[in-house]
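Keep the viewer open as you read.

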Amino acid sequence: VTPDIVKLIDKETLKNPVVPGLELSKIISTTQQMNISPSTINKVRTNDLKFRFQAPRRRPFLTEKNIEDRKSFCETQLNGTINWEENVIFSDESRFCQRDDSRRVWVKRGVYNLSTFTNEKKYEKGIMVWGSIGKNWRSPLIRVDGTLTADGYIKLLQDNNIFESLDETYGPLHYYFEQDGATCHTAKKTIDWMTGKNVNLIKKWPANSPDLSCIEQVWSILEIKMRDQPPTLNND
């Protein structure tokens, strides 16, 4: 396997992350006049080029308005005074779904390649949970049944003493609570209730921006662990 062939394997895999070893073998035979087995090609991709054969990375779908809102929000925060490492509480609902992860693509460490992503459906069969995290603090993991309304959201926070726990850990008014733009979060009733609790809210959180919240890393870790124990869904 010559350096030119290694470069060709690298180039073709970055261009098309689903290209099989057999097809690369044919390309090499045609362009380099050498016969190399698909298994050898895959060893080069894994050992020499540091590709991993895995499910496509997932990303939310963004409109132009979503992108502009994200940019505006980030510029505001960069010029603001919130300490995002110390005093921000990230909260979110997450659905744990049964997905078909049979498709695999070649992903090279440290290389951002649009072809290695797949657009994620927002609603799939599964269960929803709510949770929140901050530095040296985390909430219980709370199952959400049905559609979460403003009343249901307030009850969830009350029943689990979320803000009482945060006040005790950080001190009243010494933390900022992040939540996305879901209707139950932004309803007037919810905002009025949180204001009465003296909660500092991070405002104008941009839609479809899960990558801005580190709680998504927690959901990802949980999802990976669940793959070894896939849930059985029933009517209970």
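**From one methionine outwards**

Leaving out neighbours within four places in sequence, Met194 is in contact (heavy atoms within 4.5 Å) with Tyr153, Leu157, Phe163, Phe177, Gln179, Val199 and Leu201. Before going further, a word on the ground rules: this is a predicted model, where local features need pLDDT of at least 70 and side-chain atom pairs count only at pLDDT 80 or more, while totals for chains, interfaces and linings use all residues. Residues are numbered from 1 along each chain as its sequence is written, and side-chain values use heavy atoms, with hydrogens and water left out.

Met194 is among the residues with the most contacts inside the largest nonpolar core, together with Trp130, Tyr153, Leu157, Phe163, Leu166 and Phe177. That core has 21 residues; a nonpolar core here is a set of buried Ala, Val, Leu, Ile, Met, Phe, Trp, Tyr and Cys residues joined through side-chain atoms within 4.5 Å. Buried means under 20% relative accessible area, exposed over 50%, and partly exposed in between, using a 1.4 Å probe and protein chains only. Two or more residues of this core come from each of strand 8 (142-144), helix 5 (150-159), helix 6 (162-170) and helix 8 (188-196). Helices (H or I, at least four residues) and strands (E, at least two) are DSSP runs, numbered from the N terminus. A second, separate core has 13 residues, including Ile5, Leu8, Ile28 and Phe51. In soluble globular proteins, nonpolar side chains tend to be buried together.

Beyond residues up to four places away in sequence, Glu12 touches Val19, Leu24 and Ile27.

Now look at two loops. Most residues other than glycine have a negative phi. Gln33, in the loop between helix 2 (21-32) and helix 3 (38-48), has a positive phi of about 55°, and is exposed at 61% relative accessible area. Asn136 sits in the loop between strand 6 (126-134) and strand 7 (137-138); its phi is also positive, near 60°, and Asn136 counts as exposed at 72% relative accessibility.

Finally, step back to the whole chain. Its secondary structure comes to 9 helices and 10 strands, and 35% of the 236 residues count as buried. The C-alpha atoms fill a box of roughly 75 × 50 × 35 Å along the principal axes.
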